Amino acid sequence: MRFHRETVSVEEAVAKLLEQVAPLAIEEVPLAEAYGRVLAEPVYAAYDLPPFDRSPLDGYAVRSADTASATPDTPVTLEVIETVAAGEVPRHPVASGQACRIMTGAMMPDGADAVVMFEQTENPGQKLNQVNVKRAMKPGENIARQGEEVAKDNCVLQAGEQIGAGALALLATFGAACVQVRRRPRIGIVSTGSELVEPDQPLSPGKIRNSNAPMIAGMICDAGGAPVVLGCLPDEPETAKRKLADWSKQVDFLVTTGGVSVGDFDLITTLVEDPQFNLLFHRVAMRPGSPTTAVVYQGTLICALSGNPSACFIGCELLVKPLLAKLLGKPNSIPTTVEAILAKDYLKPCPYPRYLRGSIEVEQAVLYAYPDMNDKAGRLVTLHQNNCLIIIPPGGRGRRAGERVRVFPLTKNGQFCF
Ligand code: AMP
Ligand code: MG
């Protein structure tokens with residue numbers, strides 16, 4: 001089985017994985033803890049926004065008809081009846097010949113139908129009993145109308161949206177002190193490989209640091225999940241199986257890295273030959289990362305990514321993030337692609353679609369996809385700069401600069417990175 005593997009496409013692999021999970025339960029969190037969580041229910045405007053007619057600037061609320069003849073040389077003089085600060089309610093209606101000194105955000109007084117900004121009056125810094133208005137105002141000018149931004153009961157946020165800064169502002173505006181969100185998926189991260197040393201431990205010859213575990217943890221956070229870094233599997237298969245069984249009880253699913261290939265010590269490959277592991281797939285038509293494997297073991301899904309850092313990153317983006325999306329009830333589990341112009345030749349042929357790390361840059365309103373030439377499966381130094389995966393279709397020639405390619409934007413907190 002190690003050397004004879006059936007291949008599934010990335011799309012088939014994602015479909016097989018998605019069959020294994022369902023959206024998680026709903027829980028309530030305080031607004032202050034809602035950043036990065038995923039809304040479980042739509043949010044509706046609790047009232048009109050703005051909730052009352054208000055002034056969008058500092059000036060004088062007037063009756064526009066009174067200002068019809070006003071110019072800088074022939075200003076119109078109005079009686080100032082009161083000053084209204086933001087948060088106050090005007091006490092007097094504005095009658096003909098009158099004005100109300102009004103601050104940004106303050107409620108409009110009855111009778112007034114325009115606001116003259118201070119800069120269009122004489123001596124704006126002085127609180128006088130009279131004001132000289134230098135400009136003719138149109139009815140409705142400089143008023144933020146009740147409900148002009150959104151009317152009561154309109155849907156303002158959809159279920160499945162990952163809460164970012166803008167959504168927090170909206171939730172706060174409508175008084176959502178608590179928010180209904182999906183439970184955060186707990187994803188166990190398991191490393192394999194006796195060469196691995198944790199970042200706080202000294203290196204010795206032949207060893208490398210475990211960079212995949214924190215990388216995958218970061219990607220899971222980005223997608224709204226809660227990573228649980230569980231440790232390294234021992235090389236001994238029976239002990240490894242016991243550990244996996246133990247860990248699987250603590251999480252929604254497990255991600256392992258490394259040990260999926262055909263090497264003598266590839267632990268996951270050895271483990272999944274055991275019939276206790278229900279195999280979903282063990283070869284995916286993608287480069288890098290074709291030996292990516294998925295199994296169900298004791299009722300828990302295990303997504304076994306390749307150990308090479310780049311392949312591991314791509315596997316997580318293409319296969320693990322859709323699982324998180326479904327658990328979180330996001331509307332699209334399947335990642336979006338966009339079209340871009342390939343900015344440099346990439347002529348390496350490949351029998352499978354190649355997911356080439358790269359960067360999208362916008363030049364004169366056109367998306368250009370720059371391949372990362374440091375893209376080999378084992379390389380990680382430029383990973384932090386990448387904001388997309390460029391899909392090079394399978395076949396014998398690669399793609400030339402100037403050709404159109406599909407590009408898969410990387411996401412953070414549910415948003416594209418460019
Ligand atoms: P494997 O898939 O186990 O054959 O690993 C492929 C390559 O990735 C090897 O060079 C490993 O040393 C490296 N590798 C495996 N796991 C990790 C990890 N957690 N962090 C960094 N490199 C890794
Ligand atoms: Mg290994």
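1. The structure is a predicted model.

2. The surroundings of ligand 1 come next. A shell of 14 residues surrounds the ligand, and the closest of them are Glu195, Asn210, Ser211, Gly259 and Gly307. By residue type, the shell holds two nonpolar, nine polar and three charged residues.

3. Glu195 makes its approach to the ligand through its side chain: an N or O atom there is 2.5 Å from an oxygen atom of ligand 1.

4. Two further residues use backbone atoms. A backbone N or O atom of Gly307 is 3.1 Å from an oxygen atom of ligand 1. For Asn308, a polar backbone atom lies 3.3 Å from an oxygen atom of the ligand. As for cover, ligand 1 on its own has 480 Å² of accessible area, and the protein covers 78% of that.

5. Pro199 is a separate matter. This residue belongs to the loop between strand S11 (196-197) and strand S12 (208-209). Is Pro199 buried or exposed? Pro199 counts as exposed because its relative accessible area is 53%, and the cut-off for that word is over 50%.

6. One distance involving Pro199 can be checked in the 3D view. Between Pro199 and Leu57 there are 54 Å in space, taken from C-alpha to C-alpha. Along the sequence, Pro199 and Leu57 are 142 residues apart.

Conventions:
Residues numbered from 1 in each chain as written. Chains lettered and ligands numbered in written order. Predicted model: local features only at pLDDT ≥ 70, side-chain atom pairs only at ≥ 80, totals over all residues. Heavy atoms only, no water. Near = heavy atom within 4 Å. Polar contact = N/O pair within 3.5 Å; in protein donor to acceptor, adjacent residues only side chain to side chain. Areas by Shrake-Rupley, 256 points an atom, 1.4 Å probe, with all protein chains shown as cover. Nonpolar A, V, L, I, M, F, W, Y, C, P; charged D, E, K, R; others polar. Helix = DSSP H or I, 4+ residues; strand = E, 2+ residues; numbered from the N terminus. Buried < 20%, exposed > 50% of the residue type's maximum accessible area, 1.4 Å probe, protein only.
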